Amino acid sequence: MSARKLGAALGACALLAALAGCGGSAPSGAAGAAAGRDDGPVKIGALHPVSGANAVDGQQMRRGAQMAVEAINAAGGIKSLGGRKVELLTGDTQGKAEVGQSEAQRLIAEGAVGLTGTYQSAVSTNVAVVAERNRVPFVMDVTATDAIFANGYEYAFRVQPGSKAISSAGARYLKEVADAAGKPVRKVAILHEQSDFGAGAAEAFTAEAAKLGLPIGPNISYDALSVSDLTAQVTQVKASGANALVVVGYYRDSLLAAKAINAVKPPLDAVWGVSNGAFDQPKFVADAGALGERFFSANYHFDAKNPQTEKLRAEYQKRYGDPMRTGAVLAYDAVQVIAQGVERAAGTDPEKVRDGIRGSQVAPLTVGNGPIKFAPNGDNVNAGTVLMQVQGGQVKQVHPQEKAESKPNYSVTWRS
């Protein structure tokens with residue numbers, strides 16, 4: 001185990017010590033909740049940041065999870081349990097690992113048969129430990145870090161592709177698209193937020209780029225929570241001679257990066273989001289305007305070519321007056337996975353639900369290579385990465401060809 005992974009594990013253990021003590025048995029609250037799972041609606045817990053810096057995404061994801069619950073109930077509930085309805089229990093992580101940990105414990109004590117969340121890798125790391133200790137399945141909708149899935153957990157699952165998968169695909173797609181455009185990559189600069197999410201994505205991209213013969217440098221990190229301007233960092237990119245810039249970040253900081261890029265105008269052929277929380281979002285198109293035109297993003301994404309996805313997104317738009325983001329679609333998928341686990345278990349014992357999830361195959365509303373299906377470590381073996389680009393004020397899927405709505409446009413308008 002690396003020092004970073006070991007530190008994360010020990011930190012999570014310390015947070016849990018007051019509840020159960022590392023290495024001890026599951027907290028009594030979990031056992032106390034077991035009886036409550038046998039009566040009334042089947043409870044699924046949703047943990048997202050509905051306050052704090054990522055509240056917009058968190059609120060979207062909570063709504064996506066609620067829409068899944070409504071769809072399940074409208075279709076007859078859990079049929080193997082005589083049509084028992086499903087209820088969503090919600091928790092606000094505030095974007096803080098320790099709050100996510102305590103909220104997870106609360107939802108389990110209230111009888112949740114499974115948890116979903118959390119949008120942030122650092123929060124999911126703590127929630128995964130809580131879920132494992134309480135023997136309650138945790139189906140992650142948005143969580144990029146791969147470290148969780150190297151721990152041998154029995155109750156951790158993930159719907160989206162992981163950081164290594166996205167970053168590796170992002171590097172391959174960059175070379176493929178650049179070469180096809182006749183503008184080979186000479187050097188790639190990386191700008192990333194400094195948590196495990198950003199650092200892990202940058203590390204995985206660098207490793208794949210080395211295999212492809214793509215030089216990397218500089219590699220620049222920043223604190224996503226405190227940064228207010230990225231002009232100095234982008235100026236460093238301009239001086240480096242890089243002709244492609246990878247950006248790994250959340251929404252607010254990635255918007256700051258877009259503003260800095262357009263102010264500094266480094267001589268780039270492409271701005272290339274990898275696991276980026278902004279560049280493939282309708283809100284980014286609206287907020288950035290012309291600043292974001294032709295930015296690329298290699299990421300998970302709702303399946304724009306799936307009629308069921310479009311139907312769901314149209315309903316979301318009608319209800320909330322806002323385009324449904326990919327995170328909300330993933331939250332919808334994750335709740336469907338837990339519900340199918342209950343259906344297969346024909347009961348609400350979390351361990352049996354876990355076994356049901358392991359054998360589930362749910363048709364996703366996000367881009368994938370088949371049904372949501374889990375490997376022994378809990379990863380979705382059919383999760384897919386697609387390349388998107390802002391074109392004419394809209395986010396379009398552009399690569400690989402079988403997933404594309406339009407062709408990639410490997411040129412920029414803000415180049416000096």
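How many of the seven residues of strand 1 (residues 42–48) are buried? Six of them are, so to speak, under cover; buried here means under 20% relative accessible area with a 1.4 Å probe, protein chains only. Strands are DSSP runs of E, at least two residues long, and helices are runs of H or I, at least four, numbered from the N terminus.

## About the model

This is a predicted model: local features need pLDDT of at least 70, side-chain atom pairs count only at pLDDT 80 or more, and totals for chains, interfaces and linings use all residues. Residues are numbered from 1 along each chain as its sequence is written, and side-chain values use heavy atoms, leaving out hydrogens and water.

## Helix 6

Now for helix 6 (residues 163–180). At 1.5 Å a residue, its 18 residues should span 26 Å, and the end C-alpha atoms are 25 Å apart, which agrees; the expected span is 1.5 Å times one less than the number of residues. Its buried residues include Ile166, Tyr173, Leu174 and Val177. After helix 6 comes Gly182, with a positive phi near 75 degrees.

Note on methods: Buried < 20%, exposed > 50% of the residue type's maximum accessible area, 1.4 Å probe, protein only.
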